[in-house]
Amino acid sequence: MDLDRELNPQQREAVLHEGGPLLVLAGAGSGKTRALTYRMAHLVLHRGFAPWNILAITFTNKAAEEMRLRVQRLLGLEKTGIWIGTFHATCARILRQHIERLGYGANFVIYDAADQLRVVKACLKRQGAGAKQIRPVAVQGLLDKAKNQGINPALLVPEQSATGRILEEAVADYERHLREANALDFGDLILLVLRLFDTCPDVRAKYQERFHSILVDEYQDTNRAQHLLLQKFASEGGELCVVGDDDQSIYRWRGAEVTNLLAFEKDFPGTRILALEENYRSTQNILRAADGVARGNPERREKRLWTRNEEGDRIVYEEAVTSDEEANFVAREIQRLAAEFDIPYRHMGVFFRTNAQSRSFEEKFVFYRIPHAVIGSVRFYERAEVKDLLAYLRFLYNPSDSVSLLRILNQPPRGIGAASQATLQDYADRQGTSLWGAIEGALEQGVLSGAIRGRLDRFHGMIRTVQEDCENQVSPEKLLKAVIKRTGYKAYLEGKEDGERRIENMEEFVRTAGQFQALEDEKPGKEMLGAFLQRIALVSDIDQYEDRANCVSLMTLHCAKGLEFPVVFLTGMEDGVLPHQRSYTSPEALAEERRLCYVGMTRAKKKLYLSRACFRTSYGERQRTDPSPFLASIPSDLVDFQGEDDGFATREEIGHGHVEPTDGDFVLDYGESQLDRPPLPPIPSSGRKQVYRIGDMIEHESLGIGTVRNVEGTGYKEKVTIQFAVGKIRKLMVQVSPIKKIS
DNA sequence: CCTCGGTGATTTTTT
DNA sequence: ATCACCGAGG
């Protein structure tokens, strides 16, 4: 490790800094991972830190894996002993050890968003008819929001209205339910460690002493709970180093607070601030274009990212007529690059804002025989068959897990339907036991009628048999095989529509279990099962991403964070897609969309394509689109307009955008619009937009003046909830109601 | 208890 | 366009 040769002065400083807190503002492609890994290696090799005194937090498991490999290489060790992982994985690890101090069992399971939603729905149902109008996702959002901020969800319940009380009850019920199931949601992982440190100072002290050096990557995307956690972790003499870039903050919607980064020195006095501004990744043109986009946001730290790299090609902008043709363009361009310049497929990435956009690309890639991998969209562990089997394992691991039990009770169908389930749940509630306890109790007491009793008895017997396997420390893979055999799950899948594919998934899942075992063979059976389940609960899509295969990568912009490709296609550059329609509700959300665009652009090393479709089909309706307002922030001399007779959007259409071009000097030069060429589909007059925003003042013919409190639906289905000055609240169809905007 | 067909929402983004 | 959810019928 030669720090002088392999690092620039700022990186070197980040590596060598000793003592107080360190904040590294690292622009895109500025070698922050290098700085972090070198710092860790340096701590061990030259400053006498033991590996187990170091904790490194990354944003994804994959980043953790990568970092681990790089540190291992630098240290020349097979195993480092450094804790590297996401906040969630780290917290799960800590909780496995100490959660009993909080009254939970060490065999807790982790509920994902889908599990969480099921519980929420059940809780709302129990609240009766009054809860009908409360949307389960809204409750879920509330729970997340609270936990992300490190506070008790009950505190976030709005005013003391009737709905508020129901909500309060539902939230309390949710918490009780999870507690009884010995289950934690994602937010709990962080929250409970906070609580653990508060209630058990000895545990806190233990970790404070242990982690003498803490490093956190992607700090701009941490939420308040994580920030608080870090404060609790940090010890007097310890070293803390966080790295981030405010321009790449794209998880605000998930509770991330960029102020954690920007006001870091307030919470950690005496912070030394460094900036990494040399970009090693992209060409000058790409960097300048991306910089133009970033500058469109008023609230950001001023910075000057520069590069020694070549000027490079201009950015290609393609306007296709339809999303289909956009995909066609991308596919053919990829083929051309592969054929003419020998660019490997794995060097090319195709990004989009929403998962739904991936489909047209997949279809075209299949047609052109382009090897490709879609990262994310249909997550492996969320497929029904995989989740079913997973539920069996989870239940075996933790019999209190009622969500999992409910899922497997009638899967494959064994005649224990909704009615029986409700009866059992009722019985459980009255007896104050878990669902499983209720089943055992009901069978013993003989409170059930004939048919159902027999079915339940068979289920019970089957579970008992596998439970014995589980107690005998059988490995996850064998357990899985036992479950499949005893439940007849394979036969059940065979009878289904796309049974073959589902069986493949099932087998893939068994293989995954086998692979996992091979890695963690030193753990005893039950513990290995726990580790296996935990891993599955915490893996993200990007973690599955394998860059060895020579495939074009298709992914959302969020997934693309932290990656780089020589060639990048940033697609769907349309108003309403990027920025997403939903982000027009607030300036902050809109700013985040701009950063998302910036993140996408800065993934590109050599060549960047931007594309859009003039017509896009959404909700089964074909809609005319406007170009993304972000395009106007790109200096026009950096852009190449693709195609001979392809025209471009008119100046007016761009001017339509909701963000003013920031650099007066650079305005795109638009030619004729190809929108006027045949064949053209019918153009709906209003488009799928929302005319009203929350907070707008309106005037109603008879009810007078009011304020928009909520907007739902778009186009002709747009509905607004109005709070009128006369005190009434009304929900109105925009198209048919006699209202007009007055502000 | 299961299956079919109608209906209405649904699309951000994910540890 | 597609999917989840609901009610009716087998």
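Reader: Which residues of helix 10 are buried?
Author: In this predicted model, helix 10 spans residues 201-210, and its buried residues are Val203, Tyr207 and Gln208.

Reader: Where do they sit around the axis?
Author: They cover an arc of only 135°, so they lie on the same side of helix 10. An α-helix has 3.6 residues a turn, so residues three or four places apart point the same way.

Reader: And what is on the other side of helix 10?
Author: Pro201 and Glu209, which are exposed there.

Reader: What do the buried ones pack against?
Author: Strand 3 (83-86), helix 5 (87-98), helix 9 (186-199) and helix 11 (224-233).

Reader: Switching to rings. How many aromatic pairs are there in the whole structure?
Author: A search finds 19. One of them joins Trp83 and Tyr207: the ring centres are 6.3 Å apart and the planes are at 55°. Planes under 30 degrees apart would count as stacked and over 60 as edge-to-face, so this pair is tilted.

Reader: Where are those two in the chain?
Author: Trp83 is in strand 3 and Tyr207 is in helix 10, so the pair ties together parts 124 residues apart in sequence.

Reader: Buried or exposed, those two?
Author: Both Trp83 and Tyr207 are buried.

Reader: Which residues make up the cluster?
Author: Trp83, Phe197, Tyr207, Phe211 and Phe233, linked by ring pairs.

Reader: What lies over the face of Tyr207?
Author: Lys206, at 5.5 Å from the ring centre.

Reader: And which ring has Lys561 over it?
Author: That of Phe59, with the charged end of Lys561 at 3.6 Å from the ring's centre.

Notes: Residues numbered from 1 in each chain as written. Chains lettered and ligands numbered in written order. Predicted model: local features only at pLDDT ≥ 70, side-chain atom pairs only at ≥ 80, totals over all residues. Heavy atoms only, no water. Buried < 20%, exposed > 50% of the residue type's maximum accessible area, 1.4 Å probe, protein only. Helix = DSSP H or I, 4+ residues; strand = E, 2+ residues; numbered from the N terminus. Arc of directions from axis to C-beta. Contact = heavy atoms within 4.5 Å. Phe/Tyr/Trp six-rings, centres within 6.5 Å; stacked < 30°, edge-to-face > 60°. Lys NZ or Arg CZ within 6 Å of the ring centre and 35° of its normal.
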